[in-house]
Amino acid sequence: MTAPLRSGEPIVVPVALGTRAYDIVIGRGLIGSLGARIKELRPGAKCVIVTDATVAKLHLAAAEASLKSAGIESSAIVVPPGEGSKNYATFETVCEAIIAARIERGDLVIALGGGVIGDLAGFASASVRRGLDFVQVPTTLLAQVDSSVGGKTGINSRHGKNLVGAFHQPIMVIADTALLDTLSKREFRAGYAEMAKFGLLGDAAFFTWLEANWQDLFAGGPAREHAIAVCCRGKAGIVARDERETGERALLNLGHTFGHALEAGAGFSQRLLHGEAVALGTALAFEFSARKGLTAASEATRASAHLAAVGLPTYLKDVPGGVPGVDALLDLIAQDKKVKRGKLTFILVRGIGQAFIENNVDPAEVRAFLADKFSA
Ligand SMILES: NC(=O)c1ccc[n+]([C@@H]2O[C@H](COP(=O)([O-])OP(=O)(O)OC[C@H]3O[C@@H](n4cnc5c(N)ncnc54)[C@H](O)[C@@H]3O)[C@@H](O)[C@H]2O)c1
Ligand SMILES: [Zn+2]
């Protein structure tokens, strides 16, 4: 697999969801065409842009200029950056601001930001007037390959992440890869964890390609658009077959059962970003699978080695400030939504690119595995 040379033409990935089908458009510099694309899709619609303060400083002006040049009236709602904004208070602020901006059915909400903004603005769009159309303009790598696609929206509860939300598909996703140039290396890497996850869960050839091409992707070369398109195509296919996560879509949670527990253990703080927790969680899921004899230890080593090569955490000791003990981690795992009748659900692997859903994991087995990890 080789990356195509940058052609200048955006890559369009359709998400086949019947009457709710939409396109993901991927390319460098696309923000300039935002207004024209919206005008074509929803002539006469008024827009409100939801963004965070960091993204507003860097990219709001370009988005507004593009809307203006297409003759589209817009206003902006700016919330504080970070996971903390996926809470009830900010959700209320955003809903009230959308209503105050007189956005009605037929108008549009634009989520300009990372996964936090996409989830928050998406959920507000699903809720205000029982559902407004919205457009995702993802500005982090994580959002471009994962969170902006597939219609999961929501906020966090004190009981755990993403526990309050709705399925609400965007009507278009505009992924301008140039917006990622302003992202910190750390945030870029965290998004890369979700990208590697796509290879690790179902596309071994893509994982091999990433092992060879990740540097070009980080540097902003044409590998970036190619890899984002591969992930979006992969996710679009899964979402089209299983929109509501009754089966296959759960594979996207590879690394997330361990990951969410670690993320919660770090208090959803800057100590451990979501993607970092996913990298560590994925390494653990591979090791746990190897321990259960489901995959060769060499597959687990190879998966971890690549994540570590790009600078992602793969050992519990990599988390600054440490992680909660075995009991606390198990409690956090059990609080996660993937628990049924005392058995835990994990996404396990038979090898790189061969993830599957295991509904019958004994918590005692997880405890023993984690205890070994702590003593190692
Ligand atoms: N809905 C889904 O299917 C789905 C999937 C995966 C993750 N998520 C959610 O996504 C969230 C994580 O998303 P994230 O990692 O994008 O976090 P984020 O939205 O908090 O963005 C990370 C940081 O980067 C900043 N930033 C964003 N774009 C920037 C840019 N272009 N230049 C400079 N700085 C920029 C933000 O201000 C923020 O501080 C989590 O809440 C997670 O639960 C949702
Ligand atoms: Zn994730």
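Student: In which helix is the place of Arg186, and is the residue buried or exposed, or in between?

Tutor: The model is a predicted one. Arg186 belongs to helix H6. Buried requires under 20% relative accessible area and exposed over 50%. Because the relative accessible area of Arg186 is 28%, the residue is partly exposed.

Student: How far from Arg186 is Leu312, C-alpha to C-alpha?

Tutor: Along the chain, 126 residues separate Arg186 from Leu312.

Student: What span should H6 have, and what is the distance between its end C-alpha atoms?

Tutor: Helix H6 has 18 residues, and at 1.5 Å a residue it should span 26 Å. The expected span is taken over one less than the number of residues. The end C-alpha atoms agree with this, as they are 26 Å apart.

Student: How many of the residues of H6 are buried?

Tutor: Helix H6 is mostly covered. Of its 18 residues, the number that are buried is 14.

Student: Which protein residues are the donors of the zinc ion (ligand 2)?

Tutor: The protein donors lie 1.9 to 2.1 Å from the zinc ion (ligand 2). Along the chain they follow the spacing E-x61-H-x17-H. The donor atoms are OE of Glu194, NE2 of His256 and NE2 of His274.

Student: Why does the pair Glu194 and His274 tie together parts that are apart in sequence, and by how many residues?

Tutor: Glu194 lies in helix H6 (residues 185-202), whereas His274 lies in helix H10 (residues 274-291). Both Glu194 and His274 are buried. The pair therefore ties together parts whose separation in sequence is 80 residues.

Student: How many residues surround ligand 1, and which are the closest?

Tutor: The residues that surround ligand 1 number 26. By class, this shell has seven nonpolar, ten polar and nine charged residues. The closest are Asp52, Glu83, Thr139, Thr140 and Thr182.

Student: Which element supplies the largest share of the shell around ligand 1?

Tutor: At least two residues of the shell come from each of helix H2 (53-69), helix H4 (115-127), helix H5 (141-147) and strand E8 (160-167). The largest share is four residues, and the element that supplies it is H2.

Student: At what distances from a nitrogen atom of ligand 1 do polar side-chain atoms of His59, Asp119 and Thr139 lie, and what percentage of the accessible area of ligand 1 does the protein cover?

Tutor: For His59, the distance from a polar side-chain atom to a nitrogen atom of ligand 1 is 3.5 Å. For Asp119, the corresponding distance is 2.9 Å, and for Thr139 it is 2.7 Å. On its own, ligand 1 has 860 Å² of accessible area, and the protein covers 89%.

Student: Where is the place of Asp52, and how far is it from Ala76 in space?

Tutor: Asp52 is in strand E3 (residues 47-52), and it counts as buried because its relative accessibility is 10%. Asp52 and Ala76 are 24 residues apart in sequence. From C-alpha to C-alpha, their distance is 10.0 Å.

Student: To which backbone atom does a polar side-chain atom of Ser157 lie at 2.7 Å?

Tutor: Ser157 is in strand E7 (residues 152-157). With a relative accessibility of 16%, Ser157 counts as buried. The atom at 2.7 Å from its polar side-chain atom is the backbone nitrogen of His159.

Student: What is phi of Glu245, and what is phi of Phe268?

Tutor: Most residues other than glycine have a negative phi. Glu245, in the loop between helix H8 (223-241) and helix H9 (256-265), is partly exposed at 22% relative accessible area. Phe268, in the loop between H9 and H10, is partly exposed at 29% relative accessibility. Neither is a glycine, yet phi is positive in both: about 55 degrees for Glu245 and near 50 degrees for Phe268.

Student: How far apart are the C-alpha atoms of Glu245 and Ser289?

Tutor: Glu245 and Ser289 are 44 residues apart along the chain. The separation of their C-alpha atoms is 22 Å.

How values were computed:
Residues are numbered from 1 along each chain as its sequence is written. Chains are lettered from A and ligands numbered from 1 in the order in which they are written. This is a predicted model: local features need pLDDT of at least 70, side-chain atom pairs count only at pLDDT 80 or more; totals for chains, interfaces and linings use all residues. Side-chain values use heavy atoms; hydrogens and water are left out. Donors are N, O and S atoms within 2.8 Å of the metal (3.2 Å for Na, K and Ca); water is not among the atoms, so sites may look incomplete. Buried means under 20% relative accessible area, exposed over 50%, partly exposed in between (1.4 Å probe, protein chains only). A residue is near a molecule or strand if one of its heavy atoms lies within 4 Å of it. A polar contact is a pair of N or O atoms within 3.5 Å; within protein, one must be able to donate a hydrogen and the other to accept it, and residues adjacent in sequence count only if both atoms are side-chain atoms. Accessible areas come from the Shrake-Rupley method with a 1.4 Å probe; for residues, only the protein chains shown count as cover. Ala, Val, Leu, Ile, Met, Phe, Trp, Tyr, Cys and Pro count as nonpolar, Asp, Glu, Lys and Arg as charged, and the others, Gly among them, as polar.
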